[in-house]
Amino acid sequence: MHCSSSWLTRPFRERATQCFLGILLAALAVVTLFNLTLPAEHPLHVSTYTVTLLGKYLSYALLAVAVDLVWGYLGILSLGHGAFFALGGYAMGMYLMRQIGDRGTYGDPLLPDFMVFLDWDALPWYWLGFDMAWFAFLMVLLAPGLLALVFGFLAFRSRVTGVYLSIITQALTFALMLAFFRNEMGFGGNNGLTDFKELLGFDLRSDATRLGLFLATGMALAVGYVLCRAIVSSKLGRVCVATRDAEARTRFLGYRVERFQLFVFVVSAMLAGVAGALYVPQVGIINPSEFSPIFSIEIVLWVALGGRATLYGAVIGAILVNYAKTVFTGVMPDAWLFALGGMFVLVTVLLPKGIAGLLAYRLRRRRPPPSSSPEPTAPREASA
Amino acid sequence: MSFLHSLADRDRVFDFLVPAASPVDVRHGPILYLDGVTVSFDGFRAINDLNLTIDDGELRCIIGPNGAGKTTMMDIITGKTRPDSGSVWFGSRHDLLAKSEPEIASLGIGRKFQKPTVFEALTVFENLELAMSADKRILPTLTARLTGEIRDRIEEVLATVGLVECRQRLAGILSHGQKQWLEIGMLLMQRPRLLLVDEPVAGMTEQEMERTAELLTSLAGKGKQSVVVVEHDMGFVRSIARTVTVLHQGSVLAEGSMDQVSHDPKVVEVYLGADPDEEAA
């Protein structure tokens, strides 16, 4: 943990990161193999539908990692990370809309269908440039990053923390949802952006593209995970944990706490944006419901269920909860919210450190390691 | 014209000629010099014409009944409270009243608060690492490496405060006494010239008190730190003090060795006519 290596290569020397990357890459390889080589009637065959479903889970997992970075290590409970996810998704969606060209229902070479429908005669200025992939992909990072920068600058400078910050982030995503619902905004109103044809010239409905998107999402998750590990295992990560547990004391040591918070918050928002951009081509639609407050709260539940301040816990939580959601909404659609609530209550009571906490406990019982991972301090007990 | 006059007026060195981070000048003896300091809150004089001199490398104990102005005095030295009148000098070059809290801290005045605050989710080693004086901006912190030099410095402080064995232990599971020592260690990481220590042994066991006494006496010395201890526990003060200052109603009541002070009739009277030794019991 204290090797003097460069901050970016440090994660590769950690056992936990090696394990995580190993399992992730193995899973990607197995799914690819079973999808490509086994015939459709074979019991182990992975259908393209399942591949896309798994790709969606992986983009959620990246989003959960982004939330865990700010919540687990910095102590900022963001209830508005869905907004950054959706902004990244809209940037990707705008690019995909421009790629449709004249193949839309109305056949307009320049304007997307919804603009023709609304009788607009020119493309709004903020749609310019989205026909170029590099510009759109840059916006996937910049749009959520800029929003996080401005929002975080104002919030952290005035030392808004704790529950107040959570409420403001919730208000932020709610306000954006209302704005994006309006047709006048030029983002397709409540229908959002859909009917995509191709991405970088690849047909979005072909099996190969869908497998490629799944693999790209898996790689993005791997890169995002390593980046977050690099941040939290650096000295900056220890400053974050110090800020989380004793902000005034950290400030007293000479660290400009609000700048550290802003830096990590912006990095997290950009990761959420990337997750959104990978989500959109796989589900084929982006609409304002991704901004809904309930979605942002759900993300936090994934992280809580998986286990805070571990990063891999967030991945486990996101995948498990969404798998359960797929199963439940298929079998008993009405029972899903009860099941989610029940799970949350059970885990909070029985597993306060989440599933990751249970895993770590099992491992520790098998071989007692000199572990000292910075887990959040449970409700402080007077130690005197 | 007046500007030209001020240029010709050479009573004092121009501000811009004095390097901001010039070292503390203790050639004339004292490292800390308070002269005629007065401060009042809503008409109540918390500090009343206080004069105090701490020599370089000295270990000084400050005692006094509640409300004598001990904490206010610490606040003034660290820049938290501004006095109404008087002057406070650090060495013979730095006017502390003209400096902000962070500036004073970076000059080399470290303060330990009464309640220990350490980062409980980090190890003892990591606590010291964060406390070390270093470039504390974002990118240097992100790319910071643990060089041999830094490691040596941390090990040195670990040895000084006697926490070598607990190096990799989480600070949250340390005992109360160990947390206090860790916090003193965090101050030492910043290479202070003057340590202000507020009630270090409150809540400690007999054994921990002894260790703390050893630690504080070993810290003070020429070329090392000067240490100012505010303490209620008379037994503890007697065990470490070379010079004791008694504060009462915001000014110095008596000063001298523990024996001199405890037999001073004024001091005896302030402590309700009781012997200070018994007061502590």
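**Chains A and B at a glance**

Over residues 299–323 of chain A the chain is 80% helix and 0% strand, with the end C-alpha atoms 14 Å apart. Helices here are DSSP runs of H or I with at least four residues, strands are runs of E with at least two, and both are numbered from the N terminus. This is a predicted model, where local features need pLDDT of at least 70, side-chain atom pairs count only at pLDDT 80 or more, and totals for chains, interfaces and linings use all residues. Residues are numbered from 1 along each chain as its sequence is written, while chains are lettered from A and ligands numbered from 1 in the order in which they are written.

**Chain A spans**
- An unreviewed UniProt entry lists several stretches of chain A as "transmembrane region", among them 208–228 and 299–323; such annotations may be inferred rather than shown by experiment, and the positions are in the numbering used here.
- Residues 208–228 of chain A are 100% helix and 0% strand, and their end C-alpha atoms lie 30 Å apart.

**Where A meets B**
- 27 residues of chain A are in contact with 25 residues of chain B (contact: C-beta atoms, placed from the backbone, within 7 Å).
- On chain A's side, α8 (235–245) and α10 (257–283) each supply at least two residues, and the largest share, seven residues, comes from α8(A).
- By class, that side has 14 nonpolar, seven polar and six charged residues (nonpolar: Ala, Val, Leu, Ile, Met, Phe, Trp, Tyr, Cys and Pro; charged: Asp, Glu, Lys and Arg; polar: the others, Gly among them).

**Chain B overall**
- Chain B comes to twelve helices and ten strands.
- Of its 281 residues, 42% are buried (buried: 20 or more other C-beta atoms within 10 Å of the residue's own; exposed: 12 or fewer; partly exposed: in between; C-beta atoms are placed from the backbone).

- Helix α8(B), residues 206–219, reaches 20 Å from its first C-alpha to its last, close to the 20 Å expected at 1.5 Å a residue (expected span: 1.5 Å times one less than the number of residues).
- Its buried residues are B:Thr212, B:Ala213, B:Leu216 and B:Leu219. They cover an arc of only 135° around the axis, so they sit on the same side of α8(B) (the arc is that of directions from the helix axis to the C-beta atoms).
- B:Glu206 and B:Gln207 are exposed on the other side of α8(B).
- Twelve of the 13 residues of α7(B) are buried, so this helix is largely enclosed by the rest of the structure.
- The cover over the buried residues of α7(B) includes β6 (109–112), α4 (124–131) and α6 (148–161) of chain B.

Key: Two residues are in contact if their C-beta atoms, placed from the backbone, lie within 7 Å.
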